[in-house]
Amino acid sequence: MAGIVLIGAQWGDEGKGKATDLIGTKVDYVARFNGGNNAGHTVVVGDETYALHLLPSGIINPQVIPVIGNGVVIDLEVLFQEIDGLQARGLDCSRLLVSDSAHIIAPYDRVIDKVTERFLGKRKIGTTGRGIGPTYADKINRVGIRVHDLYHPDSLRDKVEASLHQKNQMLVKLYNRRAIDIDQTTQELLALGARLKPYVANTQHVLNAALDQGKTVLFEGGQATMLDIDHGTYPFVTSSNPTAGGACTGTGVGPTKIDRVVGVSKAYITRVGEGPFPTELDGQGGEWLRAHGHEYGVTTGRPRRCGWFDAVINRYATEVNGLTDIVLTKLDVLTGLKTIPICVAYEVQNADGTVSRHENMPTDQEAFSTARPIYEYMPGWDEDISTVRHFEDLPRTTQNYVRRLEELSACRISAIGVGATREQIISLHSLIDD
């Protein structure tokens, strides 16, 4: 039995798709456990590039059974678009399993998401507008629509009506919008449910049975640690738990069946949307990283905010996730820099106006918003490292940079990405066997 959780250790876009695909070639199941189509994973196989949003990255491997767990919120139209797109490219998606307990993003959730974000004005969160937050709110408010509801027409209409009762009043009276039709929405959901039915399964049982049979299951998180609803930079966070604990609640697999937790970090750091970002680079420095790293959102196309590696955040990710390994990606992007800063601590303004040094992540978000990076500087390298496959063949300054990140992160670095393709990886430790 091997249960492996793979999560983002920063603010997302770390290259989890690449890491999932790397590990996924050696596993039997890949299960998404949180989020929705606000996540974007890019997998490059040879000359082919696949941008995935809802489907687990393991869908690319014909030997893997991909699973969408109960913790995911599903926009069925987006799911079918992804399936159709992959099938048109010759990939078989019939292996996909979807939890019968996962929540559905209803058409009205997308409407609510967009109008409320616009209404917030300067206080906006930076949501992708895809209905993720409202769907999780419905879930918590116990008015959500789950996959198995799609196969009970009479009760489905009642549930849609209950969910829309307050929403329609808000749309009409507060936002001056038309009310959403209950019957039309119900019929749309029933039609989508009919197409989904061949994929629906009790995935909790499937995954537990697989682990009991000695199979290897990779639990794939969307978004990342610093976007976690409980442990991220609240309120500038997502609406689910992308941290390792979410793998258990999002799939129905207990923590005693988790053997390893792998965090993915870029050799620098990026963020999309609003919120504090201590090492963010404005002007030419940020533009350089954005251009060399091709830092534009897979899901939104928005340019990502860019900054230097933040070891405070990585230590925090090691702590809250219980990381056993780190996959470091995009090391090749830093080629050509003479000097590379690493944030080792923060200067934080206290309530009384004094400033203090913090080597650990401030949990007070007011304090974190004042954090200023304290940098350590390391020499860079000019050599092309994209063809290197063994750590000892890297330039000495590159090796030193990696080892320093490992020390500061309080977790071993087990793999290093030196390019976009599946083959451009340096393996230091097995992520499955040892």
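Ground rules. The model is predicted, so local features need pLDDT of at least 70 and side-chain atom pairs count only at pLDDT 80 or more, while totals for chains, interfaces and linings use all residues. Residues are numbered from 1 along each chain as its sequence is written, and side-chain values use heavy atoms, with hydrogens and water left out.

Overall build. The chain holds 12 helices and 20 strands. Helices here are DSSP runs of H or I with at least four residues, strands are runs of E with at least two, and both are numbered from the N terminus. The C-alpha trace spans about 65 × 55 × 40 Å along its principal axes. How does the radius of gyration sit against a compact globule? It agrees: 434 residues would give a radius near 22 Å, and the chain has 22 Å. That radius is taken over C-alpha atoms, and the globule rule is 2.2 Å times the number of residues to the power 0.38.

Burial next. Of the 434 residues, 57% are buried. Buried means under 20% relative accessible area, exposed means over 50%, and partly exposed is in between, with a 1.4 Å probe and protein chains only. Now contacts, meaning heavy atoms within 4.5 Å. Take those between residues at least 6 apart in sequence: 76% join residues at least 24 apart.

Domains. There is domain 1 (3-99 + 199-262), domain 2 (103-196) and domain 3 (265-427). The bounds come from an automatic or database domain assignment. The C-alpha centres of domain 1 and domain 2 are 24 Å apart. Across that pair, 26 residues of domain 1 touch 20 residues of domain 2.

Now the cavities. Rolling a probe the size of a water molecule over the atoms shows where empty space is left. A cavity is a set of points, on a 1 Å grid over the protein atoms alone, where a 1.4 Å probe fits but cannot get out; lining residues have an atom within 4 Å of a point. Grid points are joined across faces, edges and corners, and a volume is the space filled by probe spheres set on the points. The count is three cavities of 30 Å³ or more.

What lines the largest cavity? Asp 75, Leu 76, Glu 77, Ile 104, Ile 105, Pro 107, Arg 110, Leu 189 and Leu 192. Helix 2 (76-88), helix 3 (107-120) and helix 6 (182-196) each give two or more residues to that lining. By class, the lining has six nonpolar, no polar and three charged residues. Nonpolar covers Ala, Val, Leu, Ile, Met, Phe, Trp, Tyr, Cys and Pro; charged covers Asp, Glu, Lys and Arg; the others, Gly among them, are polar. Where does this cavity lie? Domain 1 and domain 2 both give residues to its lining, so it lies between them.

On to helix 7 (residues 203-212). Its buried residues are Thr 203, Leu 207, Asn 208, Ala 209, Ala 210 and Leu 211. They pack against strand 1, strand 2 (29-32), strand 5 (65-68), strand 7 (97-99), strand 9 (200-201) and strand 10. Just after helix 7, Gly 214 takes a positive phi of about 90 degrees.

Two long-range pairs. Leu 431 sits in the segment after strand 20 (425-427). Leu 431 is buried at 9% relative accessibility. Its C-alpha is 9.4 Å from that of Ile 326, 105 residues apart in sequence. Beyond neighbours within four places, the contacts of Leu 431 include Ile 4, Arg 260 and Ser 414. Gly 15 is in the loop between strand 1 (2-8) and helix 1 (16-24). Gly 15 is partly exposed at 26%. Gly 15 and Leu 328 are 313 residues apart in sequence, yet 8.8 Å apart C-alpha to C-alpha.

Last, backbone geometry. Most residues other than glycine have a negative phi, and most peptide bonds are trans. Lys 330 has a positive phi, near 60 degrees. Lys 330 lies in the loop between strand 15 (325-329) and strand 16 (339-349). Ala 410 also has a positive phi near 60 degrees. Is Ala 410 buried or exposed? Exposed, with a relative accessible area of 55%. The peptide bond from Tyr 234 to Pro 235 is cis, with omega near 10 degrees. Pro 235 is in the loop between strand 10 and helix 8.

Conventions:
On a 1 Å grid over the protein atoms alone, a cavity is a set of points where a 1.4 Å probe fits but cannot get out, and a pocket is an open set with protein on both sides within 12 Å along at least five of seven lines; lining residues have an atom within 4 Å of a point.
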